[in-house]
Amino acid sequence: MDSYSYASEIDRHVGQRIRARRESLRISQGRLGRQLGVTFSQIQKYEKGSNRIGAGRLYQIALFLGVTPNYFFEGLRDDEVVEGSGRPRLGTVSPDEVKALTDAFLEVDDKDTRASVIALVRSLMGEVERGSI
């Protein structure tokens, strides 16, 4: 897949995620557009993936819709190669999972235990790269 096709696929996916989140919150395209200082038709173009969304704008959208920017990338096909990484995506992590893991990690008072948790996660990453998991 050439980089243009890959980018277009991602733009469509991000747009679909924006639309789904906006609709779940019962926010109109007009309201989101007013919040961002753009027209509702610009929001339509973002949601269709016909206009690419800059990083700053995506961050503004995420804040207004109450999600992290990562939310918009969840659900991309797991067999796609993340551009520039050279290795396949091995799954998506939901914001709830990240929050739960972070909250639990922050509750660990012992510095050595935190270091052990980090070492465990790094060792699991190595097993994934070697194909053991």
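Gly37 takes a positive phi of about 80 degrees in this predicted model. The residue sits just after helix α2. The helix itself spans residues 29-36. Four of its residues, Gln29, Leu32, Gly33 and Leu36, are buried. Viewed down the axis of α2, the buried residues fall within an arc of 100 degrees, so they line one face of the helix.

Charged pairs were examined next. The count comes to 5 salt bridges. One of them pairs Asp11 with Arg52. Their closest N and O atoms are 2.9 Å apart. Asp11 belongs to helix α1, residues 3-24, whereas Arg52 lies in the loop between α3 (40-48) and α4. The pair therefore ties together parts that are 41 residues apart in sequence. Asp11 has a relative accessible area of 15%. This value is under 20%, so Asp11 counts as buried.

Arg22 takes part in two of the contacts described here, one with Glu47 and one with Glu23. In the Glu47 contact, the closest N and O atoms are 2.6 Å apart. This pair links distant parts of the chain, with Glu47 in helix α3 and Arg22 in helix α1, 25 residues apart. Salt bridges that share partners join Arg19, Arg22, Glu23 and Glu47 into one network. In the contact between Glu23 and Arg22, the closest N and O atoms are 3.8 Å apart.

Arg22 is buried, with a relative accessible area of 5%. Glu47 is buried as well, at 6%. Glu23, by contrast, is partly exposed, at 42%. That value lies between the 20% and 50% limits, so Glu23 falls in neither the buried nor the exposed class.

The surface carries a patch of negative charge. Glu107, Asp109, Asp110 and Asp112 gather in this patch. Asp110 lies in the loop between α5 and α6. Its relative accessibility is 39%, so Asp110 counts as partly exposed. Patch members need over 30% relative accessible area and no salt bridge, and the 39% of Asp110 is over that cut-off.

A nonpolar patch is also found on the surface. Val117, Val121 and Met125 form this patch. Together they have about 220 Å² of accessible area. Met125 lies in helix α6, which covers residues 111-130. Met125 has a relative accessibility of 44% and so counts as partly exposed.

Gly66 has a relative accessible area of 58%. The limit for the exposed class is over 50%, so Gly66 is exposed. The C-alpha atoms of Gly66 and Leu25 are separated by 9.6 Å. Along the chain, these two residues are 41 residues apart.

Methods. Residues numbered from 1 in each chain as written. Predicted model: local features only at pLDDT ≥ 70, side-chain atom pairs only at ≥ 80, totals over all residues. Heavy atoms only, no water. Buried < 20%, exposed > 50% of the residue type's maximum accessible area, 1.4 Å probe, protein only. Salt bridge = Lys/Arg side-chain N within 4 Å of Asp/Glu carboxyl O. Helix = DSSP H or I, 4+ residues; strand = E, 2+ residues; numbered from the N terminus. Arc of directions from axis to C-beta. Patch = residues over 30% accessible without salt bridge, like charges linked within 9 Å, V, L, I, M, F, W, Y side chains within 5 Å. Areas by Shrake-Rupley, 256 points an atom, 1.4 Å probe, with all protein chains shown as cover. Lys, Arg positive; Asp, Glu negative; His and termini not counted. Charge placed at Lys NZ, Arg CZ, Asp CG, Glu CD.
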